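Me: I should like to learn how to read a protein model feature by feature. Where may we begin?

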Amino acid sequence: MKPTEQPESLSWQEPEQTHPVPAQESAQTHPTRAQEPEQTHPVPAQESAQTHPTRGQEAEQTQPVRRLRTSGQVDAEAAQTQPVRRLRTSREEDAGVTQAQGPYDVVTLGRVGVDLYPQQTGVSLADVHTFAKYLGGTAANVAVAAARLGLRTAVLSAVAPDPFGTFVRTALTGFGVDPALVHTIPGTQTPVVFCELFPPDDFPIHFYRRPVAPDECLTPDVLDAPATAAAVRTARALWITGSALAVEPTRSTVFAALERRAGGEVWFDLDWRPGFWADPAEAPALYARALSYATVAVGNRAEVEVAVGTADPESAAGELLRRGVRTAVVKQGPAGALVRTARERYVAPPMPVKVVNGLGAGDAFGGALCAGLLAADPLPQVLRAANAAGAIVASRLACADAMPTRAEIDAALHDRQPPATPAAGTGAAPPHPEPTDAGTPPEQPAAGGPAGTAAAPPARPAQAPRGTRAPHPGVDQV
């Protein structure tokens, strides 16, 4: 809010060797000051009514005659038309803006960063020559995916005060995601992620988050800011991620946010990244605690095994429901995706696709799931659209930049070939060229990758170099 604008202050300064007219007297003896000697007093706007009839008539209509006053005095008439208002703090201003725009559809809480993905496929990082830069991080990807489908989204996360942090904020804005809840943590570096591409089912991913990432430094007091508190409390859905539970203080911040939801919709992406955990054995208990707040849970077989102790899709979905979740979604790769509620059960069939990079497919699935559930679409329709979204992104190199539009999802569902890159004018960054093959035979169907994709896997040439095979700290296979 702007501070109160004071009415224009009129001051009077007499030339030397003349008799000054007191301000108190001028109201009676000089109503318009037209009688002042022209050579000793500058002509004020009110006098122009006599000396400049045309302009004076206009001035009389637009500027009433005012009593002369000393500098700083408030004109009574102006004070009545412009009441003095209390100045608000910047936090109050932010909260007011958020409330004026209405609640978010989805607020995601988790990591953001920069993806540097190779432009050559079938080779290890040691042999890659060029990389393309994209917005990344699961919380960012899901928010972008949902925004592409028309939802109002924001990300609660953090970056460093570095150029990549600026890139993250700019990219979020370009995709239609509000970056207002992205904090800046001094003394850190915005995370960078590399991957290796061995389609159709091997995409080793390397996280550079040491010694600590900004999104791992969120403290519960960030929720005290009025704008953040209002966003978390009033959003139609809060999307949390399992990886955000790995490290304090962000772990406590997640649970503090859950407490503020007061029974609202909480959608839990199980998002298992063992390299983020100092002791992965802590994860099941923390997942169980988060599930007690969740109304929707979504994960692949490995993730549901961490959460409920079994990788069997049917058993895991049933256990999630017993933990209090209303909607359980298990992504099964080439077997499609399963959704269960207390009254419904549905398996969405896989969608054949030539996989380029399977890493962003799960986040595309999540964004489409958000859109369908908030629209109250039938569950089979929701799951088919989510499968299609994941398959489209798996056929592209990037994650956030590759998120599909509604038209692209509809085209895929109706057996029409979607565009190879996001449609122009939708907030996406300029498309980068797809990676070139350097070991994988061309034109082979994809298989076994993200949820909703399936086809016969091609044979990998024996001489093709391989990526990192065994997970180690900071590196996970997907």
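**Reading helices, rings and confidence**

Reply: Helix H7 (residues 163-174) has 12 residues and spans 16 Å from its first C-alpha to its last, close to the 16 Å expected at 1.5 Å a residue. Helices (H or I, at least four residues) and strands (E, at least two) are DSSP runs, numbered from the N terminus, and the expected span of a helix is 1.5 Å times one less than its number of residues. This is a predicted model, in which local features need pLDDT of at least 70 and side-chain atom pairs count only at pLDDT 80 or more, while totals for chains, interfaces and linings use all residues. Residues are numbered from 1 along each chain as its sequence is written, and side-chain values use heavy atoms, with hydrogens and water left out.

Me: Which residues of H7 are buried?

Reply: Buried means under 20% relative accessible area, exposed over 50%, and partly exposed in between (1.4 Å probe, protein chains only). In H7, Gly165, Val168, Ala171 and Leu172 are buried.

Me: Within what arc do the buried residues of H7 fall?

Reply: An α-helix has 3.6 residues a turn, so residues three or four places apart point the same way. The buried residues of H7 fall within an arc of 130 degrees seen down the axis, so they line one face of the helix; the arc is that of the directions from the helix axis to the C-beta atoms. The face turned away from this buried side carries the exposed residues Pro163 and Thr170. Among the elements that cover the buried residues are strand E2 (113-118), strand E4 (131-136) and H6. After H7 comes glycine 176, with a positive phi near 85 degrees.

Me: What can be said of helix H15?

Reply: In H15 (residues 406-413), the residues Glu408, Ile409, Ala411 and Ala412 are buried. They cover an arc of only 160 degrees around the axis, which puts them on the same side of H15. These buried residues pack against helix H6 (138-148) and helix H14 (379-394). Just after H15, aspartate 415 takes a positive phi of about 60 degrees.

Me: How many aromatic pairs does the structure hold?

Reply: Rings of Phe, Tyr and Trp (its six-membered ring) pair if their centres lie within 6.5 Å; planes under 30 degrees apart count as stacked, over 60 as edge-to-face and the rest as tilted. The structure holds 8 aromatic pairs. In one of them, the rings of tryptophan 272 and tyrosine 287 have centres 6.3 Å apart and planes at 80 degrees, so the pair is edge-to-face. Tryptophan 272 lies in the loop between strand E11 (266-269) and helix H10 (283-291), and tyrosine 287 in helix H10, so the pair ties together parts that are 15 residues apart in sequence. Tyrosine 287 is buried, with a relative accessible area of 0%. Phe268, Trp272, Trp277 and Tyr287 form one aromatic cluster.

Me: Where does the charged end of arginine 152 sit?

Reply: A charge sits over a ring if NZ of Lys or CZ of Arg is within 6 Å of the ring centre and within 35 degrees of the ring normal. The charged end of arginine 152 is over the ring of tyrosine 104, 4.1 Å from its centre.

Me: What is the mean pLDDT of the protein?

Reply: pLDDT is the predictor's confidence in each residue, from 0 to 100. The protein has a mean pLDDT of 77, and 66% of its residues reach 70 or more. Over residues 1-99 the pLDDT is below 50. Where pLDDT is low, the predicted coordinates should not be read in detail.

Key
Contact means heavy atoms within 4.5 Å.
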